[in-house]
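Subject: Structure for your review

Dear colleague,

Please find below the structure that I am handing over to you. My notes on it follow directly after.

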Amino acid sequence: MDRNREIKKIHHGGDIYGREILYDLSVNMNPAGPPDIIEEALKNAECRIGQYPEYENVTLRKMIGRCFGLGVENIICGNGASELISALGRLFSGKRLLLPVPSFVGYERAFSESEIIYLETDEAEGYIVNDSVAEMLDKTHPDALIITNPNNPAGRLTGKETLIRLLKEAKRQSCFVIADESFIELSENGEKNSLIDIIYDYDNLIIIRSVTKSFAAAGVRLGYMLSENKSIIAHVKSLLPEWNISVFSEEVGKAIFTWEGREEYLKHSRAYIKEKRMILENAFKEKRIEYITSDSNFVAFRHDTDLYARMLDKKIMIRECSDYRGMGTGWYRVAVTADSASIVFLHLL
């Protein structure tokens with residue numbers, strides 16, 4: 001019962017409905033905005049509205065595979081990354097899970113039927129995942145370990161060398177590693193620290209990514225999961241409904257993964273994010289506000305405990321972080337956004 005009460009408290013950013021909000025800084029979308037190809041893809045989908053999506057999205061999965069040099073059998077598509085996380089939660093029901101915290105709060109809901117072992121990371125180090133996780137693996141012998149890279153809400157990347165050490169230790173213990181890379185394409189040096197290029201070397205590795213976060217199209221709902229482990233792929237497939245993504249997400253995905261300008265768009269997005277993030281971080285520094293230097297498209301900072309309500313009163317929504325396990329009181333997260341939203345937010349701090 002206690003766990004169920006805790007789960008009900010879990011919330012996410014973006015809860016703007018029923019409120020008068022001018023600026024939503026609570027969700028971490030790509031501030032560069034959606035590329036034009038998404039609008040074209042949605043028009044193509046309108047012509048298919050009377051049809052079912054392709055069974056098991058084979059064509060889309062082939063396109064994702066070509067993009068990353070993977071086979072179609074290594075890929076599953078989901079109605080957002082959240083659907084895939086939920087399916088993994090059911091897959092590991094009754095198992096032992098190691099979760100470094102603070103981390104994405106949705107894991108606690110998804111893995112509510114697992115025995116979750118929480119490892120509190122160090123605030124002074126920006127809540128980054130380090131080799132202490134390997135020590136905890138050795139002590140607790142979990143069935144699965146979740147790593148969010150970059151971390152949410154801190155926005156810090158864990159280096160690839162550290163991740164590989166953890167993968168090796170986990171493999172030695174027959175432990176799966178679920179690497180949530182939902183924001184990695186929007187992170188400075190993110191792709192250098194992705195694990196996609198070593199996926200064939202570790203059959204205990206599961207990677208999750210979000211198309212719609214990277215391409216500023218959250219309403220479309222499209223994520224994908226990658227793994228060399230055919231048994232994991234088959235089990236997760238069995239937990240998903242038929243036709244779990246719509247013709248709209250299917251067409252958007254096909255457009256994005258065959259788009260010649262894909263990498264250039266992401267490169268431009270990362271540069272834009274860095275420029276706008278520095279505006280936020282420099283303002284925090286000038287105002288002597290404690291913050292965590294981020295590698296991604298959001299920044300965590302500490303302020304007065306009534307800041308969320310004060311901002312809401314000014315029609316600005318930020319992410320209040322009291323439900324992030326392992327984080328102290330007074331922490332907030334704001335998305336990197338276009339100038340107008342940041343200027344208003346910083347003026348009201």
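Helices, as the word is used here, are DSSP runs of H or I with at least four residues, numbered from the N terminus. Under that definition Glu 275 belongs to helix H11, which spans residues 262-286. Please note that this is a predicted model.

Glu 275 has a relative accessible area of 46% and is therefore partly exposed. Its C-alpha lies 22 Å from that of Thr 212, and 63 residues separate Glu 275 from Thr 212 in sequence.

Helix packing

I begin with helix H10 and its two partners. Helix H2 (residues 36-46) and helix H10 (residues 247-258) have axes that come within 8 Å of each other and cross at roughly 135°. This angle makes H2 oblique to H10, and the crossing of the two is right-handed. On the H2 side, the residues in contact are Ile 37, Ile 38, Ala 41, Leu 42, Asn 44, Ala 45 and Glu 46. They meet Val 247, Phe 248, Glu 251, Val 252, Ala 255 and Ile 256 of H10. Sorted by class, this contact of H2 with H10 comprises ten nonpolar residues, one polar residue and two charged residues.

The axes of H3 and H10 come within 9 Å and cross at roughly 25°, which makes H3 roughly parallel to H10. The crossing of H3 with H10 is left-handed. H3 contributes Thr 59, Leu 60, Met 63, Ile 64, Cys 67 and Phe 68 to the contact, while H10 contributes Glu 250, Gly 253, Lys 254, Phe 257 and Thr 258. By class, six residues in the contact of H3 with H10 are nonpolar, three are polar and two are charged.

Which residues of H3 are buried? They are Leu 60, Arg 61, Met 63, Ile 64, Gly 65 and Phe 68. The elements that cover the buried residues of H3 include strand S2 (75-78), strand S7 (205-210) and strand S8 (223-227), together with H9, H10 and H11. Just after H3 comes Gly 69, whose phi is positive at about 70°.

A further contact joins H4 and H9. Their axes come within 9 Å and cross at roughly 105°, so that H4 is roughly perpendicular to H9. Ala 87, Leu 88, Arg 90 and Leu 91 of H4 meet Ile 232, His 235, Val 236 and Leu 239 of H9. In the contact of H4 with H9, six residues are nonpolar, one is polar and one is charged.

Aromatic pairs

The structure holds 15 aromatic pairs. One of these is the pair of Phe 92 and Phe 176, which is edge-to-face, with 5.9 Å between the centres and 65° between the planes. Phe 92 sits in the loop between helix H4 (81-91) and strand S3 (96-101), and Phe 176 in strand S6 (residues 176-180), so the pair ties together parts that are 84 residues apart in sequence. Phe 92 has a relative accessible area of 6% and therefore counts as buried. Elsewhere, ring pairs link Phe 284, Tyr 291, Phe 301, Tyr 332 and Phe 345 into a cluster.

Backbone geometry

Most residues other than glycine have a negative phi, and most peptide bonds are trans. Several places in the model may be read against that background.

Two peptide bonds call for mention. The bond that joins Val 101 and Pro 102 is cis, with omega at about 5°; Pro 102 lies in the loop between S3 and helix H5 (106-110). The bond from Asn 149 to Pro 150 is also cis, with omega near 5°. Pro 150 is located in the loop between strand S5 (144-148) and helix H7 (160-172).

Positive phi values come next. Glu 56, a residue other than glycine, has a positive phi near 60°. Glu 56 is in the loop between H2 and helix H3 (58-68), and at 38% relative accessibility Glu 56 counts as partly exposed. Trp 243 is not a glycine either, yet its phi is positive at about 50°. This residue is placed in the loop between helix H9 (230-239) and H10. With a relative accessibility of 35%, Trp 243 likewise counts as partly exposed.

Yours sincerely

Definitions and conventions:
Residues are numbered from 1 along each chain as its sequence is written. This is a predicted model: local features need pLDDT of at least 70, side-chain atom pairs count only at pLDDT 80 or more; totals for chains, interfaces and linings use all residues. Side-chain values use heavy atoms; hydrogens and water are left out. Axes are lines fitted to C-alpha atoms, for helices over the stretch in contact, and angles run from 0 to 180 degrees between N-to-C directions. Angles under 35 degrees count as roughly parallel, over 145 as roughly antiparallel, 65 to 115 as roughly perpendicular and the rest as oblique. A crossing is left-handed if the near helix is turned anticlockwise from the far one by less than a right angle, and right-handed if clockwise. Contact means heavy atoms within 4.5 Å. Ala, Val, Leu, Ile, Met, Phe, Trp, Tyr, Cys and Pro count as nonpolar, Asp, Glu, Lys and Arg as charged, and the others, Gly among them, as polar. Rings of Phe, Tyr and Trp (its six-membered ring) pair if their centres lie within 6.5 Å; planes under 30 degrees apart count as stacked, over 60 as edge-to-face and the rest as tilted. Buried means under 20% relative accessible area, exposed over 50%, partly exposed in between (1.4 Å probe, protein chains only).
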